[in-house]
Amino acid sequence: MTTVVFVLLPGVHLLDLAGPAQAFFAAGDFGRPYDLRYVSGVEPDGSVTGRGGGGAGGPGHDAGVVASAQGLPLVAGTDWPELGPDDLVVVPGWRVGGVKVAWPRVSVSLRERLAAHHGAGGTVASVCAGADALGQAGLLDGRRCTTHHAVQDDLAARYPRAHVVRDVLFTTDGGVVTSAGIASGIDLSLHLLAMRHGPALAARVAREMVVYTRRNGAEPQASAMLRYRSHVDDTVHRVQNHIDAHFARTLPLTDLAAHAGVAARTLTRLFTQAAGMTPLRYQQLLRLERAEHLIGHGATVESAARTVGFQDARMLRRLRSPATASHAAK
């Protein structure tokens with residue numbers, strides 16, 4: 001089971017922590033459980049640390065208490081679990097409001113832990129001002145990153161070797177993932193779930209959390225499985241789940257309607273209202289995306305067309321044409 005370690009720093013924003021934690025927790029409802037751990041980083045001298053000597057993940061005799069920005073005290077362990085390359089470390093952000101931004105002093109041990117996990121092939125992520133901890137660990141140098149819009153200038157000034165991307169939801173660069181803050185931590189988590197388990201799982205988690213499946217505005221469009229599922233229509237989601245799983249098959253509208261328990265005309269109306277297109281068009285987009293992936297990895301157009309369910313390559317070529325692509329993007 002993959003472990004996610006949340007490093008709790010003084011003044012941590014509750015939503016910076018709770019949003020990603022909820023997303024990874026919800027993944028377990030769909031067969032992808034995560035082991036969530038919460039590690040306090042408060043040292044007696046006020047610095048932030050990555051070492052300790054107790055159980056990670058719950059209260060205990062050696063548990064640390066971290067004050068949140070909203071006043072709720074958070075209790076976490078002070079010892080880190082053993083981590084592997086598939087595990088994830090997340091640094092939620094803390095309050096940075098005021099005339100002068102107050103950046104906490106991150107201890108050497110925490111910087112070393114963050115750098116070591118990344119160096120061993122692991123992913124390190126931040127929400128909001130948590131990017132500063134990654135910067136202190138040297139993980140932002142030469143990389144694209146982002147943070148809350150209120151402190152983008154400060155982050156850029158503190159780490160001149162970093163490329164701070166402004167006004168985007170999140171960035172990912174070489175195992176370092178940063179997000180803009182507060183609710184965008186959910187976007188970051190959905191992105192990581194999509195990368196690890198596929199966009200269909202991320203879409204289901206987003207639906208479970210009743211949030212939109214967003215994309216980073218500076219990155220290419222997300223998969224159609226995410227792009228056209230930012231709605232709350234249960235009937236359409238059920239049909240999309242079915243199409244996602246069987247897009248290479250022939251799926252007559254009448255069969256899809258029967259699967260949803262509605263009339264064919266009703267399904268077309270509901271689907272178009274929720275997703276902005278017909279069920280057939282949605283299936284074609286899934287086929288096109290999969291075919292583009294196969295072609296990009298060396299398959300011929302003919303082979304890719306057959307693999308994704310087209311009888312021949314003519315339809316695939318038409319869908320790949322600039323005119324068709326431009327029309328679909330509108």
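Predicted model: local features only at pLDDT ≥ 70, side-chain atom pairs only at ≥ 80, totals over all residues.
**Entry 1, the whole protein.** I began with the overall composition and found 14 helices and ten strands in the protein. Of its 330 residues, 50% count as buried, and the exposed surface comes to about 15,200 Å², of which carbon and sulfur atoms supply 53%. I then looked at contacts with a separation of 6 or more, and noted that residues 24 or more positions apart account for 63% of them.

**Entry 2, the six-stranded sheet.** I traced an open sheet of six strands in the order β2-β1-β5-β6-β10-β9, and its pairing is mixed. The edges are taken by β2 and β9 (170-173), each of which has a single partner strand, so one side of each is left without a neighbour in the sheet. Direction ignored, neighbouring strands of this sheet are turned by 15° against each other on average.

Strand β5 (residues 88-91) in turn pairs with β6 in the parallel sense over four bridges, and here leucine 88 stands opposite threonine 123 in β6. On to β10 (residues 176-179), I again found a parallel run, with four bridges joining it to β6, and alanine 125 stands opposite valine 177 in β10.

Helix α1 (residues 14-27) lies across β1, β2, β5 and β6, and runs at about 155° to β2. Helix α5 (residues 184-197) also packs on the sheet, where it touches β1, β2, β5, β6, β9 and β10, and its direction makes about 150° with that of β10.

**Entry 5, strand β6.** How many residues of strand β6 (residues 123-127) are buried? I found that five of its five residues are, and the strand is thus mostly covered. In a regular strand the side chains alternate between the two faces of the sheet. In β6, I saw Thr123, Ala125 and Val127 pointing one way and Val124 and Ser126 the other way, and all are buried.

I counted three aromatic pairs, including a stacked one formed by phenylalanine 6 and tyrosine 38, with 5.4 Å centre to centre and 15° between the planes. Phenylalanine 6 lies in strand β1 (residues 2-8) and tyrosine 38 in strand β2 (residues 34-40), so this pair ties together parts that are 32 residues apart in sequence. I then compared the cover on the two partners: phenylalanine 6, at 0% relative accessibility, counts as buried, whereas tyrosine 38, at 23%, counts as partly exposed.

Lastly I looked at arginine 287, whose charged end sits over the ring of phenylalanine 310, at 5.1 Å from the ring centre.

How values were computed: Residues numbered from 1 in each chain as written. Heavy atoms only, no water. Phe/Tyr/Trp six-rings, centres within 6.5 Å; stacked < 30°, edge-to-face > 60°. Buried < 20%, exposed > 50% of the residue type's maximum accessible area, 1.4 Å probe, protein only. Lys NZ or Arg CZ within 6 Å of the ring centre and 35° of its normal. Contact = heavy atoms within 4.5 Å. Areas by Shrake-Rupley, 256 points an atom, 1.4 Å probe, with all protein chains shown as cover. Pairing = 2+ DSSP bridges. Axes fitted to C-alpha atoms, helices over the stretch in contact; angles between N-to-C directions.
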